[in-house]
Amino acid sequence: MKWKSLKKLGLRTILPAVFLLSPSPAKGDTSNHDHIQNIKTNHVILPQNSKYKTVVSIQQIYEKRCQNLCTKMLPIIQRFECIDQKPVSYPYLDTNGLIHIGYGSNIDSWERFKQIDFIKNPQTGQRLTEAEKKAYFNQIQKSKPQFRTSKNGPKPFNVSATRYQKYFKFLATSTSMHQLYQKDMYKCVKELEKTLFQQNILMMNMPEPQILALLDIYYNTGNLNPKGWPKLFKALKTKDYQTAAKESHRAAVSAERNNWTAHCILEAAQHPESNLGTIMVQFKIPPYQKNSTLLTQAKDYRSPLS
């Protein structure tokens, strides 16, 4: 992997029919927070009751869904980025010679590397000091030339991660590898969402299987640029799941991973959409704040209630 009380607002009850609504809570029920916590965040369909339509309540639901996506991506990353579905606890080089570890996390810079805790003594659990960690980092950087498979070519370090196990013997703690994964995946969720919104696509309205497929592409490639994937973005805009599945193919990954991605996108066609993204646009909640015609369209559904 290379790699935000406000005045209450309401919405008109004339949202497009496509946004299916779950039943409103019983009259007199004031447990707003409890109701929010019980919403299934993989398919968020919010009730049309202004009581639930404050910026704070929508942000709570949104953040819960972001964290839920990170959690659901973990077994997927374990399957495709790890060895025997376990994080790689020793540093290794990717095909470009960049230091990676754990769940495919790039730690080629010192700022990233020092976020990982390495065990100095397995029997006592003693960890490397920062000075020792810096020396370990420098050792790995200096040893890179010996792992080159050729002097030229697009993948000069194209060898299995297991090759590095006997050279880099200080192993990372499970906790630090997992924490770095969480940070990286959360960032992927936010960055992918921004990228899609700039193309007038609401990620938080998408069926979950499709979001997971796109997150896997983003996490694996470090980007999902519309210029590099024009046909995929066109298919996402038009909700052409067949074409989107075909255009999700990556040349540098296994057939198993490509097939999984395509299957998820095709499966998404059978799932109803959420309306969370639309509501976030109406409230202009980050990242749905600017650079999209969807903000203009949202005015048709805004309510003057305060």
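A residue counts as buried when its relative accessible area is under 20%. In this predicted model, Phe233 has a relative accessibility of 3% and therefore counts as buried.

**Phe233 and its surroundings**
- Phe233 belongs to helix α7, which spans residues 230-238.
- Leaving aside residues up to four places away in sequence, Phe233 is in contact with Thr195, Leu196, Gln199, Ile201, Leu224, Asn225 and Pro226.
- The C-alpha atoms of Phe233 and Glu247 are 9.0 Å apart in space, while the two residues are separated by 14 residues in sequence.

**The largest nonpolar core**
- The largest nonpolar core comprises 78 residues, of which Leu196, Met203, Met204 and Leu224 touch the most other members.
- Helix α2 (residues 55-81) makes the greatest contribution to this core, with twelve residues.
- With residues up to four places away in sequence excluded, Leu196 touches Ile201, Met203, Met206, Leu214, Phe233 and Leu236.

**Packing of helices α5 and α6**
- Helix α5 (residues 174-198) packs against helix α6 (residues 208-221) at an angle of about 110°, and their axes are 10 Å apart.
- Because of this angle, α5 is roughly perpendicular to α6.
- The crossing of α5 past α6 is right-handed.
- On the α5 side, the contact is made by Tyr181, Asp184, Met185, Cys188, Val189, Glu191, Leu192, Thr195 and Leu196; on the α6 side, Leu214, Leu215, Tyr218 and Tyr219 take part.
- Sorted by class, this contact of α5 with α6 contains ten nonpolar residues, one polar residue and two charged residues.

Methods. Residues are numbered from 1 along each chain as its sequence is written. This is a predicted model: local features need pLDDT of at least 70, side-chain atom pairs count only at pLDDT 80 or more; totals for chains, interfaces and linings use all residues. Side-chain values use heavy atoms; hydrogens and water are left out. Axes are lines fitted to C-alpha atoms, for helices over the stretch in contact, and angles run from 0 to 180 degrees between N-to-C directions. Helices (H or I, at least four residues) and strands (E, at least two) are DSSP runs, numbered from the N terminus. Angles under 35 degrees count as roughly parallel, over 145 as roughly antiparallel, 65 to 115 as roughly perpendicular and the rest as oblique. A crossing is left-handed if the near helix is turned anticlockwise from the far one by less than a right angle, and right-handed if clockwise. Contact means heavy atoms within 4.5 Å. Ala, Val, Leu, Ile, Met, Phe, Trp, Tyr, Cys and Pro count as nonpolar, Asp, Glu, Lys and Arg as charged, and the others, Gly among them, as polar. A nonpolar core is a set of buried Ala, Val, Leu, Ile, Met, Phe, Trp, Tyr and Cys residues joined through side-chain atoms within 4.5 Å. Buried means under 20% relative accessible area, exposed over 50%, partly exposed in between (1.4 Å probe, protein chains only).
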